[in-house]
Amino acid sequence: MPTEVTQSLHFRTLLSGHTYLIADFYATWCPPCKTIAPIYNQLSTVHAAPGKFAFVKVNVDEAREIAAQYGIQAMPTFILFKDGKQIEEIKGADPRKLK
């Protein structure tokens, strides 16, 4: 299961502790977020590996600072990081792009 992140420090710790990190920026009131959540959870179950690949969920209403830092405007937005640097962004609930 993805790790729920609400604090910037926690996010940075996970970011620096994994080669890859994918963050799901979502909102509880967002229907497309609810639609894609099971797919994201399944991907995290299959691919998460300590120190290598982390899956995190960031509630944009609870973690405004993190969402603002990455300029999140649409939910869901998925951002892939490698070695702490943003390398890809996917906006919207598109299972094919996410996979």
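My entries follow, on the sheet, the helices and then the pocket.

I note that this is a predicted model, in which local features need pLDDT of at least 70 and side-chain atom pairs count only at pLDDT 80 or more, while totals for chains, interfaces and linings use all residues. Residues are numbered from 1 along each chain as its sequence is written, and side-chain values use heavy atoms, with hydrogens and water left out.

I found an open sheet of five strands in the order 1-3-2-4-5, with mixed pairing (strands are DSSP runs of E of at least two residues, helices runs of H or I of at least four, numbered from the N terminus; two strands pair if DSSP finds at least two bridges between them). The edge strands, each pairing on one side only, are strand 1 (3–5) and strand 5 (85–91). From one strand to the next the twist averages 25 degrees (axes are lines fitted to C-alpha atoms, for helices over the stretch in contact, and angles between N-to-C directions run from 0 to 180 degrees). I then followed strand 2 (residues 20–26), which pairs with strand 3 (residues 53–59) in the parallel sense over seven bridges; isoleucine 22 has phenylalanine 55 of strand 3 as its bridge partner.

Helices. I see helix 1 (residues 8–17) packing on the sheet, where it touches strand 1, strand 2, strand 3 and strand 4 (77–82) (contact means heavy atoms within 4.5 Å). Helix 2 (residues 31–47) lies across strand 2, strand 3 and strand 4, and runs at about 155 degrees to strand 3.

Pocket. I recorded 14 lining residues for the largest pocket, of which Ile22, Phe53, Leu80, Leu98 and Lys99 lie nearest its centre (on a 1 Å grid over the protein atoms alone, a pocket is an open set of points where a 1.4 Å probe fits, with protein on both sides within 12 Å along at least five of seven lines, and lining residues have an atom within 4 Å of a point).
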